[in-house]
Amino acid sequence: MKTTVKKTTYRSATVADVDGIFKLVNGMAESGQMLRRSKYRIVTMLANFIVADTRNGELAGCGALFPLWIDSAEIVALAVDPRFRGTGVGKGLVQELLQRARRLGFPEVITLTYAVDFFSRLGFSVQPKDKFPRKLWRECLECPRLEDCDEIAMSIRLGESPGGGE
Ligand SMILES: CC(C)(COP(=O)(O)OP(=O)(O)OC[C@H]1O[C@@H](n2cnc3c(N)ncnc32)[C@H](O)[C@@H]1OP(=O)(O)O)[C@@H](O)C(=O)NCCC(=O)NCCS
């Protein structure tokens, strides 16, 4: 399924996007903004990823929805190419991922992030990290910052989002 917002197309990722996602995510990881991911990891998560294409077919951003359990899914690897920041691509990606979560029937979506104001504008609110033990037992165990994680946990109950519209 495709959604087009302001000349940007949001669509499911394909194998043709793997290299672009790899570069984007690991570029952010180098500056400490997110967890590094191997190409193998990206391929195995490919069905969870969406990408934003510009009108010229450039990869403007990516993000993935990862089910944690039947009560929640997590937004991971949300990254917008610095050239396209501030143009609504991040918001479009989150809205598309929230729509996918709704269609799949998840009542709650969580994220661990440094971009608190960005997610607040989209209807997420800050939560105590220990509210999400399933998250901790998944990717966090692979993270070098496991013991001193400074990311902020946020969540949204679906149907209550001002920015995540249907
Ligand atoms: C955070 C990020 C995804 C935002 O993407 P973006 O495309 O620049 O954001 P948008 O243009 O869609 O902005 C949507 C709204 O959030 C605001 N916003 C964007 N980034 C923000 C930030 N860091 N802090 C506060 N507000 C922010 C915008 O002003 C805009 O507000 P508006 O709707 O009132 O106009 C992008 O900066 C990024 O890739 N950062 C590095 C990786 C990261 O932090 N990922 C999230 C962690 S999972």
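Which residue is the bridge partner of Ala 52 in E4? The views below, drawn from a predicted model, begin with this pairing.

**View 1. Antiparallel pairing of strands E3 and E4.** Strand E4 (residues 59-69) pairs with E3 in the antiparallel sense over 5 bridges. Gly 61 of E4 is the bridge partner of Ala 52. The hairpin formed by E3 and E4 has 5 residues between the strands, and Gly 57 adopts a positive phi near 80 degrees there.

**View 2. Strand E2 alongside E3.** Strand E2 (residues 8-12) runs antiparallel to E3 and is joined to it by 4 bridges. Ser 12 has Ile 50 as its bridge partner in E3.

**View 3. Burial of strand E3.** Strand E3 (residues 49-53) is largely enclosed by the rest of the structure, because 5 of its 5 residues are buried. Both faces are covered: Phe 49, Val 51 and Asp 53 are buried on one side, as are Ile 50 and Ala 52 on the other.

**View 4. The shell around the ligand.** The ligand is surrounded by 18 residues, of which Val 80, Gly 88, Gly 90, Lys 91 and Arg 121 are the closest. The shell comprises 8 nonpolar, 6 polar and 4 charged residues.

View 5. A polar backbone atom of Leu 78 lies 2.9 Å from a nitrogen atom of the ligand. An oxygen atom of the ligand is 3.3 Å from an N or O atom in the Arg 85 side chain, and an oxygen atom of the ligand is 2.9 Å from a polar backbone atom of Gly 86. Of the 900 Å² of accessible area that the ligand has on its own, the protein covers 72%. Strand E5 (72-80), helix H3 (89-104) and helix H4 (116-121) are the elements that each give two or more residues to the shell.

How values were computed
Residues numbered from 1 in each chain as written. Predicted model: local features only at pLDDT ≥ 70, side-chain atom pairs only at ≥ 80, totals over all residues. Heavy atoms only, no water. Near = heavy atom within 4 Å. Polar contact = N/O pair within 3.5 Å; in protein donor to acceptor, adjacent residues only side chain to side chain. Areas by Shrake-Rupley, 256 points an atom, 1.4 Å probe, with all protein chains shown as cover. Nonpolar A, V, L, I, M, F, W, Y, C, P; charged D, E, K, R; others polar. Buried < 20%, exposed > 50% of the residue type's maximum accessible area, 1.4 Å probe, protein only. Pairing = 2+ DSSP bridges.
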